[in-house]
Amino acid sequence: MDPVRNPYAPGAGQRPPELAGRGRELEVFDVVLERVARSRPERSLVLTGLRGVGKTVLLNTLRSQAIGRLWGTGKIEARPDQSLRRPVAAALHMAIRELAPHHRAPDRIDEFLGVLKAFALRATPPAGGRSRAPRLRDRWQPGFDVPAATGRADSGDIEIDLVELFTDAASVATDVGTGVALFIDEMQDLGAADVSALCAACHELSQLGAPLIVVGAGLPHLPAVLSAAKSYSERLFRYQRIDRLDRIAADRALCAPAEREDVAYEPKALDLLYEKSGGYPYFVQAYGKATWDHAPRSPITAADVRVAAPEAEAELAVGFFGSRFERATPAERDYMRAMAALARVEDAQSDDLDAAVPTADVARSLGRKPASLSPARDALIKKGLIYSGERGTVAFTVPHFGRYLRTQPG
Ligand SMILES: Nc1ncnc2c1ncn2[C@@H]1O[C@H](COP(=O)(O)OP(=O)(O)OP(=O)(O)O)[C@@H](O)[C@H]1O
Ligand SMILES: [Mg+2]
């Protein structure tokens, strides 16, 4: 069928033509926004899930929801080895720009911008105490010329400074009767000091009843990262596991956009598409897209899906699996291949393609001592390819990654 009218959108952060199966998350967030704006006690939200389940897309949708309620919003994507300071400053600048038109006192906005500038310009001393020359991308061009304030959010201690900055941002939002929401994607990549400071700031703000919330998204081990930083983080955040779509939602993700183009699916086609995608949103979009392009006419049949599947798989092999596999060193690849081989053994019993495997078994199958494999394991965790949900086990962050590796020549 006409590829120009193909509605499906496989791709990182690509807005899907139909956001299926996330009704509950959207409802919960609506209540959170309403409660926070009324100074009711409420926890910040953290979305966790595997690669490609739709965390970024959901985060963006929640952000639109907050903007719809006239909240000030900003978003950052955490990166390993990058300090939180500049990205947070830029995000809160954005949030205040959204609030400013509803605010009656421009000098209150300028006052906040002065604090924001002081916060941004104050470098956090590096953990090792060694300072380095500022790199080009570290230079801050705020795009407003308010003089930096002194004595607020500029101590150099990120924990103190975040609390002060958040408190002031929340106070501007209080003036207009809404709140501020800071969205943090790939949150597991924040540095330990920044995670700790962020938890402390959220803790403080919620005690004050100040209308600012953090909404984070990250890989399944994010709760462990947060509780390693602050033991009270379990009570601080409301964790929502973002999972693959159930059958009804996956069908809706395919059928609703097709209907808008007067295209239908035969039930057997939907059976096969679900079998192939396992309900993982990225795969739903990828198989949907290839099937549409190959199907000669509506209704789309199971035979059309069968013809199109190899193309979808080839594209996933390059764009979804391969691009990630290439980030690993040869030693790390061996580690993952060993994991994949073990996961197959587990499959037989559990029917779970993405089962966790004990690290001791990985070592045994490679004929190595567990300790000698720690660097490879830690590097893979840092690269976001695997995670350790339960002590002593590892699992792939990428759904169906084990199966993909087993089809690759070693
Ligand atoms: N609820 C949904 N219904 C249908 N398609 C969806 C849904 N959520 C996400 N998708 C699709 O899934 C794909 C992956 O989404 P997204 O990039 O948000 O995942 P992610 O969890 O952020 O992945 P990663 O961990 O790799 O960053 C996109 O193509 C998107 O259009
Ligand atoms: Mg994402």
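**View 1. Helix 1 and helix 2 cross in this predicted model.** The axes (lines fitted to C-alpha atoms over the stretch in contact) of helix 1, residues 23-37, and helix 2, residues 55-68, come within 10 Å and cross at roughly 40°. Helices here are DSSP runs of H or I with at least four residues, numbered from the N terminus. Angles run from 0 to 180 degrees between N-to-C directions; under 35 counts as roughly parallel, over 145 as roughly antiparallel, 65 to 115 as roughly perpendicular and the rest as oblique. The two helices are therefore oblique to each other. In helix 1, E25, L26, F29, D30 and L33 meet L58, T61, L62, Q65 and A66 of helix 2 (heavy atoms within 4.5 Å). The residues of this contact comprise 6 nonpolar, 2 polar and 2 charged.

- a polar backbone atom of A9, 2.6 Å from a ligand 1 oxygen;
- a polar side-chain atom of T56, 2.7 Å from an oxygen of ligand 1;
- a polar backbone atom of A20, 2.9 Å from a ligand 1 nitrogen.

**View 2. Helix 9 meets helix 10.** The axes of helix 9 (residues 247-259) and helix 10 (residues 267-277) come within 10 Å, crossing at roughly 115°. That makes helix 9 roughly perpendicular to helix 10.

**Notes.** Residues are numbered from 1 along each chain as its sequence is written, and chains are lettered from A and ligands numbered from 1 in the order in which they are written. In this predicted model, local features need pLDDT of at least 70, side-chain atom pairs count only at pLDDT 80 or more, and totals for chains, interfaces and linings use all residues, while side-chain values use heavy atoms, leaving out hydrogens and water.

Conventions: Ala, Val, Leu, Ile, Met, Phe, Trp, Tyr, Cys and Pro count as nonpolar, Asp, Glu, Lys and Arg as charged, and the others, Gly among them, as polar. A polar contact is a pair of N or O atoms within 3.5 Å; within protein, one must be able to donate a hydrogen and the other to accept it, and residues adjacent in sequence count only if both atoms are side-chain atoms.
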